[in-house]
Protein chains: 2
Amino acid sequence: MKVTIKDIARIAGVSTATVSKVMNRKDEHISQATREKILKIMQEYNYIPNTAARSLVTKKTKTIGLVIPDIRNPFFPELARGAEDKAHEEGYNIMFCNTDDDAEKEEKYVSMLIEKMVDGIIFTASSKRSSGFNYLKNNRVPIILVDRDIDLKGVKGKITVDNCKGAYDGVKHLLQCGYKKVIFLSGPLTSHPSIERLKGYKKALEEFHVPYQEEYIFEGTYQRGWGYEVIKRLLEKEIDFDALFCGNDLIAIEAIKALKQAGIKVPQEVGIVGFDDIYIAPLINPELTTIRQPSYEMGYKAVDMLIKLLEKKGKSQEKVILNTELIIRKSTMQK
Amino acid sequence: MKVTIKDIARIAGVSTATVSKVMNRKDEHISQATREKILKIMQEYNYIPNTAARSLVTKKTKTIGLVIPDIRNPFFPELARGAEDKAHEEGYNIMFCNTDDDAEKEEKYVSMLIEKMVDGIIFTASSKRSSGFNYLKNNRVPIILVDRDIDLKGVKGKITVDNCKGAYDGVKHLLQCGYKKVIFLSGPLTSHPSIERLKGYKKALEEFHVPYQEEYIFEGTYQRGWGYEVIKRLLEKEIDFDALFCGNDLIAIEAIKALKQAGIKVPQEVGIVGFDDIYIAPLINPELTTIRQPSYEMGYKAVDMLIKLLEKKGKSQEKVILNTELIIRKSTMQK
DNA sequence: ATGAAAGCGCTAACAT
DNA sequence: ATGTTAGCGCTTTCAT
């Protein structure tokens, strides 16, 4: 039989209110003797409070929703772990959902989470959304956006990275090395980070008086295989380039593979800069020069921000922009 | 204001019981007219049922706990995604926790999940546990073990892989290629899969009449960096070997890096077989020969098994052993 | 075909 | 310092 607060109260010879007070540490006015007695009995009977009952009255569940495109994209496990670590520190749990950047799934999952009464949501939203969400109409579940800086109802904070600066740093590095013809293997240009990176790319070009050429921009996906395929196509079409600035490290790694197969030397003939600095970046050959994103930190800070909001009842629309960092390794060289 | 079942009932001019029935599709005895009216009003007012209230009475939450060592280990995002996909198919959500294979954290997180009244738990348990869990005393939360085959109270099913056979296949392949001195760079030998793999390693050796040497077994961790370090040490000590069978692909990839730095050629001088077949395995140079584990499928099947158990109220202690597959690529060669 | 009412396990005024 | 009590929003028997 499941033991409830009533059982504990009965056994201890006190009221349920008293038990409730000691278990929630609202027990300044409870005598040490009763407190100890109750605690002891709770232990002894292995009492586990029923969260559903509690949530029903408090309207809090101590759980946070994490809505991301795909946990298999190596950027997100780091973020998820950061989020989970902070959540557990504060006594929260994390529920996670994969949307594949599909607006319909986003809609469905966010509403599922609201039904489950999560206290808040950490959301990496695709930018493709038609407009507002229906499910936000009657709801006040705070949302913290991570990675994507878009406008959405219910958003109470944003954690992003300066994608423009990151890209600028990467392309500038390429140009400083002496590479001249830099192709941008971008992620989907519907997503905010990619758009910002394109800006950074252009800015660096401008600064070095290199004319911007539309034909050097390739809009891709973060699907596996794209980086490899696009290089194959570039090579077939005999497009002339000597450097690649990539939308993420996976694209960069695939590009390196395709280039190697074609007998083209990295970094001697083509310099490559990735984005993210995933754990594998220093392990491949050549070690990948890339723009590091603080992905763990983004998850951690997002949860931190959310919980502060929840517990301080703050209403401020905070916006935090974290720094990227150029990590120079071996896929680029001074020419 | 939040709209509740009472509001809907009042507006529709029916009782809450009727509303409850139609929303739970227990409405065989409800007239089409009322059903439609209620549905329409629910829509119109954007009614979201309160799961806490529902769970309080039904004792079900439609959420599943996922307890894994570390989502950053590339084996787990696949598994997690498989689990999540199946869960969503069936209308469940997933709560996830990272234990770092620490028995204390496992204990804490599992009990948190039970408090939150998850309907069941998918658990990759470390083998280091003292014995039973306290929190299982008064609880009937079914647990499905994945990846690790150990004995634990409350376990209602297991999904594993034939690690012995997997290792056997890998080592046999190495031996067939003509490699003679195969070092096993194992994961922690406290964990069940590693123990099984050691068995498979020995079996293959025996079959090829290669004497087993304790000095060829290196027990490591799945922490980043270990594979690299251990090779450095091997090389310093001038230990003689011509093949590596690795506890996972990450170790293999790091080993390749260390070997390359020492000017040792893979696969010409040293043949390497990994384990898992993570997405990066075919992208590195040389492409990694490895033992594929159906990680996505393991997560998917675990949730499938759990939900079947939950909904059919079955009590069977099922055990499913999935197949591994030897994927031959370029880190091994016929000598 | 529909409704009345009890109760799930807990919290939070408010009393005492 | 402790207890009484009224819900929280829903489901579920049992009536009607």
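Which residue in S7(A) is the bridge partner of Phe184(A)? Hold that for a moment.

First, the ground rules. This is a predicted model: local features need pLDDT of at least 70, side-chain atom pairs count only at pLDDT 80 or more, and totals for chains, interfaces and linings use all residues. Residues are numbered from 1 along each chain as its sequence is written, chains are lettered from A and ligands numbered from 1 in the order written, and side-chain values use heavy atoms, without hydrogens and water.

Now the sheet in chain A. Six strands form an open sheet, ordered S7-S6-S8-S9-S10-S12, with mixed pairing. Strands here are DSSP runs of E, at least two residues; helices are runs of H or I, at least four; both are numbered from the N terminus. Pairing needs at least two DSSP bridges between two strands. At the edges sit S7 (217–219) and S12 (325–327) of chain A, each pairing on one side only. The twist averages 20 degrees from one strand to the next. For angles, axes are lines fitted to C-alpha atoms, for helices over the stretch in contact, and values run from 0 to 180 degrees between N-to-C directions.

Back to the opening. S6 (182–186) of chain A pairs with S7(A) in the parallel sense, over 3 bridges. The partner of Phe184(A) is Ile217(A).

Next, the helices. H8 (192–207) of chain A packs on the sheet and touches S6, S7 and S9 (271–276) of chain A. Contact means heavy atoms within 4.5 Å. The direction of H8 makes about 170 degrees with that of S6(A). H9 (226–236) of chain A lies across S6, S7 and S8 (243–246) of chain A, at about 145 degrees to S6(A).
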